[in-house]
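Look over the sequence and structure first, then read the points below.

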Amino acid sequence: MTAPGRRLAIVATGQTMQGEHPGRSAASLAVEALGNAIDSIGITKDRINGLISCKQLHGDGMDSEVAPLAGLQLDYSTSLHYGTCNFSLHQAQFVLDAGLADVVALTYGTNQRTNRYPFGNMALGASAFTTPYGFTHIAGEAGMAFQRWRHLYGTTEEQLAHIAVSQRAWAQKNPISIFTQPLTHDDYMAQPYLVEPLRRADITMISDGGVAYIVTTEEKAYEFTDKPVILAGMAESGASPDYYGDNFLRPWIAPVGQRIWENAGIDRSEVDAVYVQDPTAVWPLQMLSYYGFAHPGDIGDWLDEKHTYPGGDLPVNTNGGQLSEAYMWGWLHIVEAVRQLRGEAGERQIDNARVALYASTQAFVKAASSILVRA
């Protein structure tokens, strides 16, 4: 793991409003978010000499658009095909370690909602073997994943409901959330299936918006803020689905969930909040189990005990997650983790939050996690 002093520190975050931004480009939304991050710590943009941009689902690399639009003069820049924030954050640590840049901006912008980008799969490449059978969208695969999960472990739809319902409870405390109307357990169960056994509340709403962070080394962090948030550990796994049985269960997440604690030198009992990239409610169900918070056979009963709700002992996605806040490929999860660790989360603030876990995946392809700590 990176030596103390060279560890990555998040010194600023920025975002746009979420929802719909008609007429805006993805790059302009990323730049707006970056401007908000810069303004929050009162620096000038010439302090930034590195840029890592994450492109949206349909589009080319973003760094070549963001850099000139933001007026950045850079020593290093790149775009990731699927950053989901964790992968971008880890890339930034590598850049700092290599000395390629010492103050790096991470950006993501998307106009996927107003431009009506299709999220269904075309019958091309490997998807030609699955699309004809109904796997045209992540909801179909997630629905099948939950069918398999409940067959093996007995988790019920009534128990799965707690994920969407608890995240909506958190979202009601978050002023930028898209979904803030109350959602009770009964409301959830009354919803028709979207893709059986999943309901509308189990699937994210596509949205426009932008998010940005500014990161540097731990040793330089105090030049920018007295409240840096440190990347204490990270882990990744590139899946080879053909080599795994039961790939709907995504078993290749489990090794990441095992390695992260040793890599960070932190025990899971020290975690104050968990953030899971959640295009579907099935992802938190799987990852809470794979990261060791509850055994797969016990996760249903554990959810019934309401650990993840406001007032519970393991808050999950206190921003409302992608199910209720916004669909930003998990970028807003780290914004929320930083707020919590700085004590700036307002009505949803966790008492004395010191350690946060962020876990993400690229569908059925790869996984990553980060441990963030209050400096």
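**Helix and sheet packing**

Helix 4 and helix 8 cross in a left-handed sense. A crossing is left-handed if the near helix is turned anticlockwise from the far one by less than a right angle, and right-handed if clockwise. Helices (H or I, at least four residues) and strands (E, at least two) are DSSP runs, numbered from the N terminus. This is a predicted model, in which local features need pLDDT of at least 70, side-chain atom pairs count only at pLDDT 80 or more, and totals for chains, interfaces and linings use all residues. Residues are numbered from 1 along each chain as its sequence is written, and side-chain values use heavy atoms, with hydrogens and water left out.

**Helix 4 with helix 8**

- Helix 4 covers residues 138-153, and its axis lies 9 Å from that of helix 8, at an angle of about 45 degrees. Axes are lines fitted to C-alpha atoms, for helices over the stretch in contact, and angles run from 0 to 180 degrees between N-to-C directions.
- Helix 4 is therefore oblique to helix 8. Angles under 35 degrees count as roughly parallel, over 145 as roughly antiparallel, 65 to 115 as roughly perpendicular and the rest as oblique.
- Ile138, Ala142, Ala145, Phe146 and Trp149 of helix 4 touch Val282, Trp283, Leu285, Gln286, Ser289 and Tyr290 of helix 8. Contact means heavy atoms within 4.5 Å.
- This contact has nine nonpolar, two polar and no charged residues. Ala, Val, Leu, Ile, Met, Phe, Trp, Tyr, Cys and Pro count as nonpolar, Asp, Glu, Lys and Arg as charged, and the others, Gly among them, as polar.

**Helix 7 with helix 8**

- The axes of helix 7 (residues 253-264) and helix 8 (residues 282-290) come within 9 Å and cross at roughly 50 degrees.
- Helix 7 is thus oblique to helix 8, and the crossing is right-handed.
- Ile253, Ala254 and Gly257 of helix 7 meet Gln286, Met287 and Tyr290 of helix 8.

- Nine strands build an open, mixed sheet in the order 3-2-4-7-1-8-11-10-9. Two strands pair if DSSP finds at least two bridges between them.
- Strand 3 (76-80) and strand 9 (273-276) are the edges; each has a single partner strand, so one side of each lacks a neighbour in the sheet.
- Strand 1 (residues 8-15) and strand 7 (residues 209-217) are antiparallel partners over seven bridges.
- Alanine 9 sits opposite threonine 216 in strand 7.
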